Structure formats: structure tokens, C-alpha cells
Amino acid sequence: MKKFSVLTIFPQMFDSITKESILKRAIGKNLIEVELVDIRNFSLDKSRRIDRPPVGGGAGLIMQCQPIYDALKSVRKENSHVIILSPRGKTYNQSEARRLKEYEHLILICGHYEGIDERIYRYADEEISLGDYILTGGEIGAMAIIDSISRLVEGVITSSSLDDESFDNNLLEYPQYAEPYDFLGDKVPSILYSGNHEAIAKYRKKQALDLTKEKRPDLFNKHLLTKEEKKILEVYEKEKVPKFEKEALLKGQKFIKDKK
């Protein structure tokens, strides 16, 4: 079972992901465990205070070492991997989700206010950032990490749902459609009704390549085209509707007509 331990001063925030939808079912099936550790419970202050003004002056409040350290010590095991959610950490992406999925136990430390005492960083294995913007605390980042990793755990979602996902091999996922066929004049591409899975796969690959090039050229430039992808692009470059697509449309016209 995959375990996440979250060190936070706002454990109730995590109800939104642990008590709803896919993650709730995954927890119920014992596929994942989300342990919420309230840092305030480890405060030595009678009012459970865990912050103080920054030494040397400055705005806001800084989370103190002792409560965080003791909270961490209470859950850290030999196989634990400790992450601090921090703007100075490496930017999180799908590759990072797959890498972190291999750890049996992840501990996520959520800072708040103006940050945490610098001395806590030495007890973490790494720092992670969701991107170049500032949030009020690390909780939202921790939720994103838990959600993105959990869906990679076997049994949490169907394995077919993990095929051809966005960001795999630096490509966005191809466009998806649901009924009805015609929505305010905007129609589902007929090839998807053809029943020809090979033709549909080639069409979708072309769409994924085009979409990535248009929306995320930074990803597209990193993507190494396979022989199959090069061939698909060459075919579509020669003909707007390639021969294989025309044949698929012709053979599947009875299914397509049903939708018109």
C-alpha cells in the first residue's frame, strides 16, 4: 500500500480529496493511505502556537523548528522519503510523479505564513514546487502531489486510462469527445465512428502531435518523433484526408450515418 503522511496545520483542508471521488475509493480499497499529522499537536506552547516573528525583523510569521521536527520524527521510518513544498524546489511534473510513485512512504511538509525555519530543510530529502507562483501554504501542492501519484498506483484507476496521457513522451493527449454527435453545429470527427481502431489510432496520434505543437511548443521541441509518427506526419502532409482514413470512413459509413 502506498502511504502519504502530510505534516500540516490545516488537516481539514484534505477532506476535499480524501473523502470524495477516486481517492476516497482508493483509500477504501487499502490501495493508498493518507495520514494527516497536525503540527500544532506537537507544539510545546500551551496555546499550541507554532510560529514566531522572523529573527532580524521582517514581515509575517515563521513556522518554528521544534513542532515540525517532532511531527516529522513521529512518522518518519527507515523507508520514508521527506519532501518540503517550497518555491525553491524543483518544478513538479508528470515525470516527477512517476519517480515519486516508487517510494513506499512519502512525507509531505506543508509550510505556511512566511515560510518555515531554514534549519528544517536539513531533515528533508528534497524540495518540490508546483510552479513559479506563490500560494498561501503547501497544502494545495501536497494535494496535487497525492492525487497525481495515487492515480499511478495499480488498481486506483483502470490501466487503460493511463495509456496516451498528456505529458507522456512530451506530448499532450489527443482531443476527446462524448455524445452528442452534434453540439450547436460542432460535430464529433466522423473517423471516430468508423470502428477502424487502427485508423483511429493514427488519426489520434496526428491530433496529439498537432495539439502539442500548437499549445505547448516547448514540449513538442523536446519530443523525439518515432518512425511511426514521422510516417503519419508525412502521409497527412501529402493528403488532407489520407487513403487509410478514406477507406475507414467508407467501410464505417453505416455507423457514421446513424449519427447524422
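This is a predicted model: local features need pLDDT of at least 70, side-chain atom pairs count only at pLDDT 80 or more; totals for chains, interfaces and linings use all residues.

Biologist: What does the protein average for pLDDT?

Modeller: The average is 89, and 93% of the residues score at least 70. pLDDT is the predictor's confidence in each residue, from 0 to 100.

Biologist: And where is confidence lowest?

Modeller: In helix H10 (residues 253-259), with a mean of 65, while strand S6 (residues 105-110) is highest at 97. Helices (H or I, at least four residues) and strands (E, at least two) are DSSP runs, numbered from the N terminus.

Biologist: New topic: which residues does a cis peptide bond join?

Modeller: Glu 179 and Pro 180, with omega about 15°. Pro 180 sits in the loop between helix H5 (139-150) and strand S8 (182-183).

Biologist: What about Leu 184, what is its phi?

Modeller: Leu 184 has a positive phi of about 55°, though it is not a glycine. Leu 184 is in the loop between S8 and strand S9 (186-187).

Biologist: Is Leu 184 buried or exposed?

Modeller: Leu 184 is exposed, at 78% relative accessible area. Buried means under 20%, exposed over 50%, and partly exposed in between (1.4 Å probe, protein chains only).

Biologist: Now the holes! What is the volume of the largest pocket?

Modeller: About 420 Å³. On a 1 Å grid over the protein atoms alone, a pocket is an open set of points with protein on both sides within 12 Å along at least five of seven lines, whereas in a cavity a 1.4 Å probe fits but cannot get out; lining residues have an atom within 4 Å of a point. Grid points are joined across faces, edges and corners, and a volume is the space filled by probe spheres set on the points.

Biologist: How many residues line the largest pocket?

Modeller: 23, and Leu 85, Ser 86, Pro 87, Leu 135 and Gly 137 lie nearest its centre. Strand S5 (80-91) and strand S7 (126-129) each give two or more residues to that lining.

Biologist: And how many cavities of 30 Å³ or more turn up?

Modeller: One. Its lining includes Tyr 177, Leu 192 and Arg 204.

How values were computed
Residues are numbered from 1 along each chain as its sequence is written. Side-chain values use heavy atoms; hydrogens and water are left out.
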